[in-house]
Amino acid sequence: MDKHTVKKITLAVMEEYEVTCLDLLGGCRIQPLAFARQVAMSLCYEYGNLSSTRVGVLFGGRCHGTVLHARKVVTRKLETDEEERIRIKKITVSLND
């Protein structure tokens, strides 16, 4: 994956969750912002062919453990929340456009 794909993922997450680039890169822990950031990190890790360390660096200098935690949170949410499953599926479909 190149930076264009990372950009595409972050733009899709920003649009779907109605957050800004600063929200995704920032340190705010308010749940809707934090979850949007976790989704973006998770998708960049999954579809980006990037290491968790590299994804963490791209998202404001976070450690690789934060990225792995984001994957777990998003995976759990996909298993339990139909609305989030639909939202994330919408994002992944848009990546193929």
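1. Is cysteine 28 buried, partly exposed or exposed? In this predicted model, cysteine 28 has a relative accessibility of 30% and therefore counts as partly exposed.

2. A disulfide would require the two sulfur atoms to be within 2.5 Å.

3. Cysteine 44 likewise takes part in no disulfide, and the nearest cysteine sulfur, again that of cysteine 21, is 11 Å away. Under this criterion the count of disulfides is zero.

4. Cysteine 28, by contrast, is partly exposed at 30%.

5. Turning to helix packing, helix H3, which spans residues 31-48, packs with helix H6, residues 82-95. The angle between them is about 45 degrees and their axes are 12 Å apart. H3 is therefore oblique to H6. The crossing of the two helices is right-handed.

6. Which residues make the contact between H3 and H6? H3 contributes Phe35, Val39, Leu43 and Tyr47, while H6 contributes Glu84, Ile88, Ile91, Thr92 and Leu95. By residue class, the contact of H3 with H6 comprises seven nonpolar residues, one polar residue and one charged residue.

How values were computed. Residues are numbered from 1 along each chain as its sequence is written. This is a predicted model: local features need pLDDT of at least 70, side-chain atom pairs count only at pLDDT 80 or more; totals for chains, interfaces and linings use all residues. Side-chain values use heavy atoms; hydrogens and water are left out. Buried means under 20% relative accessible area, exposed over 50%, partly exposed in between (1.4 Å probe, protein chains only). Axes are lines fitted to C-alpha atoms, for helices over the stretch in contact, and angles run from 0 to 180 degrees between N-to-C directions. Helices (H or I, at least four residues) and strands (E, at least two) are DSSP runs, numbered from the N terminus. Angles under 35 degrees count as roughly parallel, over 145 as roughly antiparallel, 65 to 115 as roughly perpendicular and the rest as oblique. A crossing is left-handed if the near helix is turned anticlockwise from the far one by less than a right angle, and right-handed if clockwise. Contact means heavy atoms within 4.5 Å. Ala, Val, Leu, Ile, Met, Phe, Trp, Tyr, Cys and Pro count as nonpolar, Asp, Glu, Lys and Arg as charged, and the others, Gly among them, as polar.
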